[in-house]
Amino acid sequence: MPDTNLSLWKASAEDKLNFPLLKGSMKADVAIVGAGYSGLSCALELAKKGLKVVVLEANTVGYGGSGRNVGLVNAGLWMPPDEVEKTIGKEAADVLYHALAKAPDLVFSLIKENQIKCEATRKGTLHAAVGKSGLRQLESRYLQLNSRSAPVELLDQKAAQSRIGSDCFSAALFDPRAGTIQPLSYVLGLAKAAMGFSAQIFEHTKVLSIKGEANGYHLMCSSGAKVVADKVVLATNAYSEHIFPELKASFVPIQYSQFASQPLADDVLAQILPGKEGLWDTCTVMSSLRLDQAGRLIFGGMGGAGLNTRLLQWADKRIHKLFKHLPKLDWQYAWSGQIAFSQDHLPHCHQLDAGVYSLIGYSGRGIGPATTMGKELALHLLDEKHVMPLALTKLSPVSMREMKRSFYEVGAHVYHVGQVLT
Ligand SMILES: Cc1cc2nc3c(=O)[nH]c(=O)nc-3n(C[C@H](O)[C@H](O)[C@H](O)COP(=O)(O)OP(=O)(O)OC[C@H]3O[C@@H](n4cnc5c(N)ncnc54)[C@H](O)[C@@H]3O)c2cc1C
C-alpha cells in the first residue's frame, strides 16, 4: 500500500521551509488569506512595490491545491476558447485568452528570476484523445487554438504513440508553451521570493472572521492574533473554509487523486513519455500522467475522496492497459486534493466589499491562471485604473451544488469500478 500520509511533492520538496504562527496584533496595507499561488503571487507583486503585506495561512504554505496538483503548467483555460467566448462575450474572452496564453511564460520566468528549484521542465504538454469522441474534441480544440495563433500541433495516432509510448490514444494535441513543475516546490519558492521583499507569512494562522471598522478591516485569527489591514485578498479557492460561507457556495468541490511509483529503470523511461511532456486525457472522468525528476511515474484521476483500494486497483488496471510491457508498479505515494469548479468553469475575481477581494474557481487549471490573477489583482490594488484580464464580479452561489458534487463523485466511482471489472 502506498503512503497516503505523505504526498510525493512533500517528500521531494528541496526547500522544507517553516513559517511562524502569528501572535499579538499587527497592521498591514494588504492582508492575504491563503498561501497558494494566488495569494503568494499577489503578495510577491505587492511586496516588490514596497507595500506592507501579510499572508495568513490556516495550515502550511501549499496546503491547498497548490501543493497537491499534477504540475502541468498549461496555457489558457481548461474550457475551449470558443466556449469562453460564448460565456463572457468575444471582447472579454479575447483579453482573457491573451493574458492566459502567456501564463506559462510568467510561471517559468518567475521560476528563473527567483531561482526556484522546482524541477521546471518546459517540454510541452500532450492532451491525449480517447476514442473517436476524444479525437473530435481535439480536432475542434486545435482549430479554435490555431485560429488564435497558438503554436499547437495535432498529432495523429502514430505520432501520439511514439510520444506517449502507448497505442491507447487516437491522437494528441501538443502545446509547446506548456511544461511541468514540482508544484509544492514552486509555491514554496514564491513564498521565499515574497519574503525576500519583506512580505510576512504566517502558518497555522486561520482567519476566523473579517470585520470592516473605521480604521480598516479587522481579521481575527485562530491563534487569538489580529491583523488590521486597508485591503484584504481572500485566496482560499477550493479550500475556502471558516469565513464567508458564500465563497464555499460559489463552487463545486471535486476530488482528484494521484499515485507515484518507485523510480523507473532507464530502459523503461526511454519508452514512456520519452520527451518528458506532461499528459492529460479527454475522458469526462479525466486522468493524467507524467514523470518527475527521479523518474517516477505519476498517474492521477478524478475522484477518490479517501483514496480507497478500488482506486488503487483502477490505477493498476489503467497503467497495465496503457503500457502492457510494464511490470506491476510499486506505488509509493498516494494523495488527493480538491478542485473548485465554478458555475461557468471560469476563474473569478469577486469584490466582496469595498476593500475585500476573492480569487476563486480555477476549475482545475490554476498554476498559470492563479499566478497571473494574483499578480493582476496586486496591480489593481496598487492602481485602481489597472484593468485586470477578468472583470470584477459579485459573488453568486452555484446552482444544485450538492447534486453536481455527488454526480461527479459517484460518476467517477462508477467509472473506476467499471474499468476494474472489464
Ligand atoms: C489534485 C489537483 C490537481 C490539479 N492539477 C493541476 C494542473 O496540473 N495544472 C493546473 O494548472 N492546475 C491544476 N490544479 C488546480 C490548481 O492546483 C489550483 O487551481 C491552484 O493551486 C489554486 O491556487 P490558490 O492559491 O488559488 O488556492 P490553494 O492553493 O488551494 O490555496 C488556498 C489556501 O487557503 C488556505 N485557507 C483556506 N481558508 C483559510 C482561512 N480561513 N485562513 C487562512 N488560510 C485559509 C488553505 O489552507 C490553502 O492553503 C489541480 C488541483 C488539484 C487539487
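Predicted model: local features only at pLDDT ≥ 70, side-chain atom pairs only at ≥ 80, totals over all residues.
The shell around the ligand is made up, by class, of 15 nonpolar, 17 polar and five charged residues. In all, 37 residues surround the ligand, while a search of the whole structure finds two cavities of 30 Å³ or more.

**The ligand and its shell**

- Among the 37 residues that surround the ligand, S38, E57, S66, L72 and I367 are the closest.
- Two elements, α2 (37-48) and β16 (331-342), each contribute at least two residues to the shell around the ligand, and the largest share, three residues, is that of β16.

**Polar contacts and cover of the ligand**

- At G65 a polar backbone atom is 2.9 Å from an oxygen atom of the ligand.
- On its own the ligand has 1000 Å² of accessible area, and the protein covers 98% of this.

**The largest cavity**

- The largest cavity holds about 290 Å³ of space, and of the 24 residues that line this cavity, A75, G76, L77, R141 and L145 are the closest to its centre.
- Elements that each supply at least two residues of this lining are α3 (81-88), α4 (90-101), β4 (125-129), α6 (131-146) and β6 (171-175), and α4 gives the most, with five residues.
- By class, the lining of the largest cavity divides into 13 nonpolar, four polar and seven charged residues.

**The second largest cavity**

- About 30 Å³ of space lies in the second largest cavity, whose lining consists of F169, L279, D281, S287, S288, L289, F299, R318 and L322.
- Two or more residues of this lining come from each of β13 (278-281), β14 (287-291) and α11 (309-322), with β14 giving the most, three residues.
- The lining of the second largest cavity has five nonpolar, two polar and two charged residues.

Notes:
Residues numbered from 1 in each chain as written. Heavy atoms only, no water. Near = heavy atom within 4 Å. Polar contact = N/O pair within 3.5 Å; in protein donor to acceptor, adjacent residues only side chain to side chain. Areas by Shrake-Rupley, 256 points an atom, 1.4 Å probe, with all protein chains shown as cover. Helix = DSSP H or I, 4+ residues; strand = E, 2+ residues; numbered from the N terminus. Nonpolar A, V, L, I, M, F, W, Y, C, P; charged D, E, K, R; others polar. 1 Å grid on protein atoms, 1.4 Å probe; cavity = no way out; pocket = protein on both sides within 12 Å on 5 of 7 lines; lining within 4 Å. Points joined across faces, edges and corners; volume = space filled by probe spheres on them.
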